[in-house]
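Please report on this protein chain.

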Amino acid sequence: MNGHLLQQLWSYYQTNFGYLWELFMNHLLMSIYGVLFAALVGIPLGIIIARYGKLSTAVITLANVIQTVPVIAMLAILMLGIGLGMNTVIFAVFLYALLPIIKNTYTGIQGVDANIKDAGKGMGMTRNQVLRMIELPLSLSVIIGGLRIALVVAIGVVAVGSFIGAPTLGDLIIRGTNATDGTLFIVAGALPIVLIVLIVDVLLRMLEKKLDPVNRRTKNTMTPS
């Protein structure tokens, strides 16, 4: 990136800050909403298939199939039923976010030591109490890892949402690709997208590490009594 482009970029950001901030927030919120809706469905579904293992192959395969559909094709299909705009993009994010959330929830629950669960049952805990007090706390870091992956995927999906009328940072990239010399617009749109990805990834990685039972156990062991 040469100095002249940097100067143009800085000037563009200063002049259009309000418009860019609106696109930035739209982009971030659509990503978050889609992943939240996916979490409301995906986490319980991951718990169910961890409990009833025979369902796991079918559910994970279906979520994998959704991932193979190109984003543009998915948006076009959804557009026929939902129409143009933000709701369609959020629903697309919901679909693409299901796989990492379901898979990580399933993996996290399955990875809990059977001896610990048996100890809980031996203390008189019901199946739901074992889930709430043992399995979920011990698998929380893995579930957060799934949410992190889902959000990173979502940010990329939302950028494509500009093609169906959703106001996102992808608007700038599309404008740049349609212009004779649109490098400024492409970079102006791409940099905030990269910034969102970095912020989300760093924050959720920190949370994931903090909730990791191995790290918590090590920290408690090192703390003097």
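Helices (H or I, at least four residues) and strands (E, at least two) are DSSP runs, numbered from the N terminus. This is a predicted model, in which local features need pLDDT of at least 70, side-chain atom pairs count only at pLDDT 80 or more, and totals for chains, interfaces and linings use all residues. Residues are numbered from 1 along each chain as its sequence is written, and side-chain values use heavy atoms, leaving out hydrogens and water.

The protein chain has ten helices and zero strands. Its C-alpha atoms fill a box of roughly 70 × 50 × 25 Å along the principal axes. Of its 225 residues, 42% are buried (buried is under 20% relative accessible area, exposed over 50%, partly exposed in between; 1.4 Å probe, protein chains only).

Helix 4 has twelve residues. Its buried residues are Met74, Leu75 and Leu78. They cover an arc of only 95° around the axis, so they lie on the same side of helix 4; the arc is that of the directions from the helix axis to the C-beta atoms. The face turned away from the buried side carries the exposed residues Ile77 and Leu80. Gly83 follows helix 4, with a positive phi near 105°.

The cover over the buried residues of helix 4 includes these helices:

| Helix | Residues |
|---|---|
| Helix 3 | 56-68 |
| Helix 5 | 86-110 |
| Helix 7 | 127-160 |

Leu36 sits in helix 2 (residues 17-51). At 48% relative accessibility, Leu36 counts as partly exposed.

Notes: Expected span 1.5 Å × (residues − 1). Contact = heavy atoms within 4.5 Å.
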